[in-house]
Each structure stands twice: as structure tokens, then as C-alpha cells.
Amino acid sequence: MMDFDKLFVTRDWFGKPVRRNEDVKFVKGEATYVDDIDMNCAHVAFLRSIFAHARLKKIDTSRAEALKGVLAVITGPEVAEVTKPLPARAITRPARQYVMATGKVRYQGEPIAAVVAEDRYIAEDALELIDVEYEPLQPVMRIEDALKPDAPLLFEEAGSNTLLDDTMEHGDYEKACREADMVLKETFRVHRYSSTPLENWAIIARHDKGTDSFTVWANDQQPGRSMTTVCGTLQIPTHNLRLIVPESGGGFGIKLAIWPYIVILCLLSRKVDKPIKWIQTRREHLLGGTHAPDGIVEIEMPVKKDGTFLGLSVKDYQNDGSFIHTAGIYGLIKFATMVGQYTIKATRMEVLSIATNKGPTVQNRGVGKPTMTFALERMVDIAAKKLGIDPAEIRFRNFVKPEQMPYTTPSGEIYESGDYPECLRKGLALGEYDQCKKQQAELRKQGRYIGVGISTGVEPGTSNLGYYYTSSGVPEYMGSGEGAIVGVDYDGNINVMIGSVDTGQGHATVIGQVISDMLGITPDRVRVDNTLDSFISPYIGHSGCYSNKFNDVDLGAVIKATEKVRARIFTLAAHMLKADVSNLKLGDGHVHVTNDSGKKVSFKDIAALAYKKITLLPEGMEPGLKEIAYYRNPYAKLPNKQNFNVQLTHSNSCHVVTVEVDIETGFVKFLKYVIIHDCGNQINPAIVEGMAIGSTVHGLGATFLEEFVYDDNGQLLTTTFMDYLKPVAATVPHFEMGHHYSPCPTSLLGSKSAGEGGAIGSLAAVANAVEDALSPFDVKVTSLPLTPEKVVKAIKETKVI
Amino acid sequence: MQVKVKINGKEYQDDVEPRMLLVHFIREKARLTGTHIGCDTGNCGACTVLFNGRTIKSCLMLAVQANGAEIMTIEGLSTNGLHPIQDAFLEKFGFQCGYCTSGMILSAYVLLQSNPQPTDHEIREALEGNLCMCTGYQQIVESISYAATKMKEAGK
Ligand code: FES
Ligand code: FES
């Protein structure tokens with residue numbers, strides 16, 4: 001963390017809930033999302049597999065091609081001929097797959113062919129004229145079925161549906177078991193869901209015949225990586241692709257997997273003489289616009305009678321569906337923070353990535369941590385009950401203490417800061433834990449069932465990208481970084497571009513706050529263009545908006561570029577004022593001479609010298625006043641199974657929730673929902689609050705409503721928001737927020753992850769509260785979602801949800 | 001088929017296919033792209049517009065059904081600066097990605113016309129047809145409540 005006295009000239013903006021005035025376009029309907037770009041496009045529609053698993057015998061597109069208004073058609077086999085297969089990252093078995101189905105389809109909704117037509121209505125009509133001959137195969141949907149020795153194989157070349165099976169052991173787990181008074185065991189199941197950004201995927205592609213190059217506009221969340229992946233798949237040099245990311249209507253990880261469609265659109269754009277546009281429909285999005293995988297977590301926890309957790313063993317089965325690019329990643333991320341906030345000394349984790357005929361998966365908000373935290377925090381409550389210790393107390397006994405920070409977990413993850421006990425103390429106080437417990441006893445006498453649930457979770461950020469390859473070999477990417485360009489314009493105002501994109505986090509405002517305090521100006525003088533343009537923006541392989549990296553490396557790059565600009569401002573001012581740099585200071589958009597109050601020069605005049613009156617520049621000085629900087633988090637270790645860090649910053653939160661369960665209907669009502677969040681220094685607390693609450697609601701949706709349900713034939717039954725239910729305003733509680741501030745020593749501003757905490761902690765907190773409410777009925781919660789039917793059934797018969 | 005619609009006070013006339021959705025007419029013929037599409041099944045409210053004064057989901061209506069109607073989209077809410085509801089969404093951080101915001105603001109506008117001082121509960125009920133995937137709704141509710149107070153103060 002930097003010395004703020006040196007970093008900042010003023011402290012007027014940093015840490016304040018500054019309005020997002022840069023984003024007034026959003027409230028006026030004037031933002032430009034991909035679909036809003038007006039360029040007389042032809043439209044693309046995809047023909048998608050009706051089967052979950054089938055061989056493709058024949059695709060005949062002739063009737064479609066003959067339809068008036070159809071400009072071109074492309075099929076999977078044609079795409080496969082001119083592209084490279086998808087690059088797998090985490091899995092170890094060979095599996096070959098292309099951006100479009102060829103030879104075989106592996107999920108209902110997999111693209112088989114695409115049509116470009118004059119308008120979207122004609123394109124859709126043409127799909128009906130494509131004749132496909134399928135040979136249906138037995139679909140494999142559930143993990144248990146995929147593991148059967150005679151299970152049909154998704155990828156024959158893999159020889160198994162288990163594409164990754166790796167075990168990592170740290171500390172002496174066997175010893176932990178020997179020393180334990182008991183070893184608790186449980187199996188948890190978490191279903192498939194997705195954070196479903198409100199804007200679906202959207203792409204425009206234009207081909208330039210003269211140079212055989214492409215310009216693409218897409219709401220891509222990780223453009224730095226997409227540049228390499230798209231160009232690698234198309235086998236073109238990266239300078240032949242210009243990728244532009246305008247406004248994006250939410251991401252949550254789900255827009256990390258849009259690149260295969262960019263590949264297809266590029267190929268199609270070569271066939272027509274105008275730009276082409278594809279706007280994914282919601283049905284397409286729910287079918288194959290990626291999910292978080294469902295999974296089974298088998299967990300074992302050796303504990304002492306006094307409540308000490310000695311070890312943790314997890315066997316994690318992840319139903320990765322049919323997208324080998326992401327397969328295996330979730331397990332590794334779960335592994336990284338598997339010990340949660342506890343001083344567990346010995347761990348063992350077996351990660352299994354299972355291929356099935358479910359839709360593709362990608363890194364959805366929290367990536368595995370919601371499931372891991374659900375399993376761990378449920379296990380903690382189970383241990384507490386077994387040992388007769390209060391759930392809060394057992395957590396206090398096992399927490400990593402603030403004086404142990406920085407704390408290194410058995411596998412090498414470094415928790416650089418945090419005060420877990422204090423957050424829980426605050427949570428218990430704000431959540432009125434003791435009062436709720438008392439009330440619980442009284443209400444039970446009246447036949448009302450309330451319960452209190454606690455969950456604590458680590459919210460990591462700044463992904464150290466090499467970890468994907470822990471099992472499979474040498475990483476293509478390592479570490480985490482970002483780039484930024486900061487310039488003083490002709491009139492002395494500031495222009496900024498960064499390599500990342502914004503999917504709703506208010507980056508422009510936050511960057512404006514930081515730069516304003518660094519240069520002694522007001523945020524209305526800083527313009528940040530959130531558009532990523534790969535020909536102009538300072539992107540690197542890690543560029544994008546994911547893994548909570550903004551508060552660390554994105555701002556790191558902004559600060560470094562601003563420091564360079566500031567240094568040049570001083571040099572130029574020193575020349576103009578005939579003063580020594582050490583005698584200068586910034587304020588009100590001017591450089592002042594410290595000991596001569598009248599002497600000053602404005603940014604505007606400095607800019608005039610730098611850009612217009614360059615003959616007057618001191619000898620040897622370069623004209624212009626714009627700087628570029630790249631920044632990386634220096635704490636990334638190389639991936640090494642014995643000792644590595646998967647994420648580079650670690651926020652934490654604690655949720656204390658009181659619910660009431662209606663035992664007749666199974667409905668759960670929130671009586672109180674408290675979130676204590678510690679993400680270090682907050683640059684804009686109002687934005688942080690929105691992130692914390694928004695991500696908590698993602699967790700609540702997953703806990704109660706959202707589920708991708710497939711039938712035995714592999715048909716997805718939840719393909720609209722009528723079946724795939726999302727939380728609405730009236731069904732979510734009012735959240736009470738509390739904060740703690742443990743500045744991050746390893747980021748420049750002491751800030752850390754702010755976007756995922758709620759999605760990580762809420763599942764467990766609610767599950768713990770529901771189980772607590774139902775304790776008179778001996779109901780145990782081991783799975784999600786907590787639908788009313790499941791709740792009622794558990795009370796009446798099964799005793800297990 | 002010929003369609004003539006007044007949108008934000010301006011007349012738009014075009015020859016469209018009978019199957020063209022109203023939301024596509026608004027976005028592509030009138031080029032008013034503040035009206036968004038999030039689901040095309042009437043569930044998300046991103047396409048909310050005012051149709052003869054009432055909110056409708058413009059993805060659920062055909063352009064030809066709107067013949068002769070008066071429509072207001074987000075672009076028509078305030079031609080001069082910000083409407084107090086728009087200002088409130090900025091003041092209280094009622095949006096993140098902004099994709100639901102046009103629909104949210106129009107639903108709030110209609111709510112506040114009939115119920116100028118709604119309780120938080122009433123606001124939440126009124127937003128039943130509008131999904132927001134980003135905010136968790138709390139700051140949206142606060143924005144609308146704040147707008148109601150400001151509008152009352154201003155006697156609007
Ligand atoms: S697009 Fe009309 S309700 Fe979703
Ligand atoms: S702000 Fe993104 S959907 Fe509401």
C-alpha cells in the first residue's frame with residue numbers, strides 16, 4: 001500500500017460516495033450497448049441442436065440458402081475445417097471440440113449452423129429450412145451416470161467422462177485424523193444456476209476485404225484474453241482483429257465465454273459485404289450462454305471435542321457440461337480458499353471435472369467459492385451441533401486471528417489482511433443474534449419457526465491466472481495486471497483509457513476520484529472512456545473485468561500512469577515558472593510555487609506548451625502530455641503444486657440472517673439480513689454497497705429460485721424467466737450493512753475485492769438459518785435450492801433437504 | 001402494413017411486417033435505443049414503455065397493434081435536463097450496468113403518478129415486472145423513495 005501523503009494532493013474524493021455523473025447516459029437511455037450501434041447490419045441466427053447428445057449425420061443448408069434475403073450460411077463442419085479446436089486449460093485428458101458442433105452434438109442448444117440474412121426475421125425463417133439428420137445417442141446428465149463404467153462418452157478420445165482428476169495434499173491430513181476426537185463426514189449438492197446478466201451476448205463483426213482483417217464489437221468481459229483465443233482459433237495474427245467493447249449490460253463472469261461466437265461471426269462476416277450482428281436471445285442464453293456447474297462435494301472434517309478443526313478433506317465433483325475451455329477451473333478455485341477463515345492445518349482436495357450433456361459452464365460470480373463456502377460453513381454448523389458448541393463460538397475458536405496476518409494457508413494462499421473475529425462480533429451485534437435466539441425459543445412455543453444462520457467467507461480477488469494449469473502443465477498466462485493511459489488534454493483536462501472494461505461497476509467514477517486527488521482537481525475534469533479498443537487501449541493478456549481485479553491492478557495501472565503524467569507536469573511547470581521541482585505543489589488545476597503564493601501555472605498553459613508551443617520546450621524534452629503504464633500485482637507466485645496462490649487479494653464478509661419458515665407451505669421469509677463486509681479501503685462506499693447487496697441477491701436467487709432443470713433426455717426445462725425464476729424487488733429483504741476496514745497491504749490503495757462476497761456467503765448463511773429454524777424437526781440441509789416443496793417434504797418425511 | 005405511432009411527441013410512420021415487435025419498431029425504426037431487450041418473453045421489463053399512459057412490455061406487442069397510439073420511452077421523460085427520478089437514480093446509485101434502468105425509471109414514473117408517497121413495500125410491489133440483475137434492488141428502492149420526497153418538496 002502506498003503512502004497516501006505522497007500519493008494524494010487532496011483527500012476530497014477518495015473514500016466518498018461520489019455520484020456517477022459520468023454515467024448520466026444510463027438514466028437517460030443514451031448509453032450505447034452493442035445492439036444500439038447503428039450500422040445497417042445483416043443479422044445472424046443460429047440453428048441449435050434439438051438433442052442433448054447425437055451424431056450429426058448430415059446438414060443440408062441448400063433450402064435455407066435459396067431463401068430470399070439470406071446472404072450466407074455456415075455449418076459446424078465448415079467452421080472446424082478452418083479453425084483450431086478449443087484450447088482446454090485445466091483438464092488433463094485429451095478432448096477435442098470446436099466452436100461449433102461437428103460430427104456430434106453434446107448439449108441441447110449447441111450451435112450446428114448459422115445464417116446471415118437481411119433482417120433477423122428472415123434469418124430465423126431460414127433456420128427452419130436447414131435439414132439436419134441426427135443419430136440420437138444416450139445423453140449423460142448426472143455426475144453419477146457419467147461415472148458409470150459403461151456410460152456413453154462425451155469425448156471418445158478422452159476414454160472417460162472424467163476429464164480431470166487430481167489430488168492436492170498439504171499438511172499431514174492422516175495425522176490430523178489420528179489426533180481428532182471424531183471425523184465428521186457429509187455430502188453436499190449444489191445445483192446449476194447463473195447470474196444471467198440482463199443484456200444477453202451481443203456481437204457485430206465487419207470484415208475488411210483489402211486487409212482480410214476484422215473489426216468486432218462485442219460485450220466481452222475479458223477482451224485481453226479473447227484477442228489471443230479468437231485469433232489463435234482463426235489462425236490469424238492479432239493485429240488483424242480489432243476488438244471493441246462498448247457498454248455492457250452486466251457480466252458476472254458469464255460474458256467470459258462469448259469468444260467462440262466471435263470466431264463464428266468473423267468467419268461469417270467474410271462471406272458478406274456488410275457488417276453482421278448477432279444478438280443472443282434469452283432462450284439461447286439460458287440454453288448455452290453458460291452456467292455455473294452443478295456439483296457434489298464430499299467433505300470430511302477431523303475435529304477435536306473442544307471444537308478445533310484439525311483438517312479438511314474434500315472430494316469435489318464438478319458437472320462441467322460440455323465446454324472444455326472452462327472444464328476443471330471451478331474445482332481449483334474452490335481448492336484455493338477451501339479452509340475459509342479458519343486455521344485448518346492439513347488439507348486434501350481431489351478435484352474432478354466431469355463432462356456431461358449439460359450446457360457449457362463458465363466462471364459465474366464467485367466461481368466455486370459459493371459452493372465451497374456452502375459446504376464448509378454447513379459443516380461448521382454440523383460440527384457445532386454435534387459438539388454442543390454455539391455456531392458463533394465454534395467459529396471464534398477456529399478463526400485466523402488478525403495478529404496472524406498475513407496468514408499463509410497450507411497450500412500457499414496468502415491472506416494478506418482481515419479481522420475475522422471482529423467482523424463476526426459486528427455481525428452478531430447488528431444481527432441481534434442473542435435476541436433472535438431468545439425470540440426463537442419463545443416463538444416455537446407458539447408454533448412459529450425462526451432460525452438464525454451465520455456464514456463467514458473469504459472473498460478473493462485478482463486471479464493469479466497460471467493456476468488453471470496446475471494439473472495440466474505450463475501456463476500460457478501468469479499473474480495479474482492491467483494497463484492504463486492517462487493524458488492531459490489541450491485544455492488541461494484529463495483523459496483516461498484502461499485495458500479493462502466496465503460491466504456496471506462505475507469504473508469511470510472511481511478512476512476520476514483517484515486521479516482528482518492525485519492531481520488536485522475535481523472529477524468533472526477527468527473523462528474516462530470505458531470503451532476497450534484493442535487498437536488503442538493499453539490491454540494485456542489479463543485485461544478484462546473479472547476476479548475483482550479492478551481495485552488492485554486496474555487502479556494500480558491508473559496510478560502508475562498518473563504518476564508519470566504528474567512528474568511531467570512538474571517538469572514542464574518548473575521550466576515555465578523557472579523554479580525547482582522540489583518547490584512546486586499542485587492545487588486547483590494549477591502548479592504553484594510553494595514559497596511564492598502568487599506564482600502559478602495552469603494545466604491548460606502547461607498543455608499548451610506540451611502540445612502547441614513545442615518550440616519553447618526545453619532542449620531534449622518530448623512534446624505531448626500523455627502516459628501509458630502497465631501494472632502487475634507483484635505477489636503472484638508461480639504455479640507449483642506444493643505452494644501457490646490462486647488469488648492475490650482477500651476480502652471477507654460475514655452474513656447473519658434470521659428467517660422464518662412456514663412449515664405448512666415451505667416458504668422462507670427473511671426477518672433480518674445483516675452483511676458485514678471488509679474489503680479494505682473503500683474508494684466509493686456507495687458503489688461497494690451496491691456490489692455487496694447485488695451479489696448477495698445472486699446468492700439468494702440461487703438458494704431459493706434459480707435452477708437449470710433438465711429432463712432425462714437432456715432437454716432443458718427452464719428456458720425462459722418464467723421457469724428460470726429470478727428474484728424481484730418484493731422477494732428480497734432489506735439488507736443492513738456493516739463494514740470493517742482492513743487495508744490491503746499488497747494493493748496500492750489498500751483496497752481489495754468488492755464484487756463477489758455476497759454471492760459467496762449468502763447460500764450458506766441462509767441454509768444454516770433454515771436448518772436452525774427446522775431443528776425441532778431434525779431436518780438437515782445438504783443441498784440447494786431450498787424450494788418450498790423440498791422444505792415441506794423434508795419436514796414431513798425425508799428429514800433431509 | 002402501415003403503422004403510425006406517436007413516440008415522445010413525434011410521429012413515426014413506416015411500412016412494417018405484421019410480425020414486427022413493437023420493441024423492434026421503437027429501437028430500429030424510430031432508433032430510440034434506450035428501450036432494451038432482456039428476455040423477449042415479457043418477464044424482465046427492460047423493454048418497458050408508456051403506452052397511452054400505462055406501462056407495457058413492448059416485446060409483447062406487435063408494432064401494428066400500436067397504430068395510432070401514443071408512446072413514451074425513456075428518451076421522452078425529460079427533454080430538458082434530468083427528471084427528478086433520473087436525478088435520484090444518480091444520487092442514490094440506483095443502477096450499475098444501466099440495462100434495466102430505463103424500464104425501472106418508467107415504472108417508477110407511473111407509480112409516483114398514482115402514488116406520490118409510496119412506502120418501500122409499495123415501491124417493491126410496483127417493480128414486480130422489472131428485473132435488475134445487478135443491484136439487488138435496494139438502491140433502486142432508495143432512489144425512488146428519494147425521488148418521491150424531492151418531487152413532493154418541489155410540488156411536482
Ligand atoms: S424484453 Fe420485454 S420483458 Fe424482457
Ligand atoms: S443495473 Fe444492471 S440490470 Fe439493473
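# Briefing: chains A and B of a predicted model

P785(A) is found in the loop between α20 (757-773) and α21 (788-798) of chain A; helices (H or I, at least four residues) and strands (E, at least two) are DSSP runs, numbered from the N terminus. The peptide bond that joins L784(A) to P785(A) is cis, with omega about -5 degrees. This is a predicted model, in which local features need pLDDT of at least 70, side-chain atom pairs count only at pLDDT 80 or more, and totals for chains, interfaces and linings use all residues. Residues are numbered from 1 along each chain as its sequence is written, chains are lettered from A and ligands numbered from 1 in the order in which they are written, and side-chain values use heavy atoms, with hydrogens and water left out.

**Chain A overall**

- Chain A contains 21 helices and 29 strands.
- Along the principal axes, the C-alpha atoms of chain A fill a box of roughly 85 × 70 × 50 Å.
- Buried residues (under 20% relative accessible area, against over 50% for exposed and in between for partly exposed; 1.4 Å probe, protein chains only) make up 67% of the 801 in chain A.
- Of the contacts (heavy atoms within 4.5 Å) in chain A between residues at least 6 apart in sequence, 79% join residues at least 24 apart.

**Buried sites in chain A**

- Helix α18 (residues 603-611) of chain A has F603(A), I606(A), A607(A), A608(A), L609(A) and A610(A) as its buried residues.
- Elements of chain A against which the buried residues of α18(A) pack include β19 (481-488), α16 (507-519) and α17 (550-577).
- S480(A), in the loop between β18 (449-463) and β19 of chain A, counts as buried because its relative accessibility is 4%.
- Leaving aside neighbours within four places in sequence, S480(A) is in contact with residues including T462(A), H542(A), Y631(A) and L648(A).

**Backbone features**

- T290(A), a residue other than glycine, has a positive phi near 75 degrees.
- The loop between α10 (282-288) and β13 (294-303) of chain A holds T290(A), which is buried with a relative accessible area of 1%.
- N52(B) is not a glycine but has a positive phi of about 45 degrees; N52(B) is in the loop between β3 (48-51) and β4 (54-57) of chain B.

**Interface of chain B and chain A**

- In this interface, 51 residues of chain B are in contact with 56 residues of chain A.
- The two chains bury about 4400 Å² between them, 56% of it on carbon and sulfur atoms; buried area is the accessible area (1.4 Å probe) that two parts lose on being put together, summed over both.
- F93(B), M133(B) and Q138(B) supply 17% of the area that chain B buries against chain A, more than any other three residues.
- The rule finds seven salt bridges across the interface (a side-chain nitrogen of Lys or Arg within 4 Å of a carboxyl oxygen of Asp or Glu).
- A salt bridge joins the side chains of R27(B) and D35(A) at 3.1 Å, N to O.
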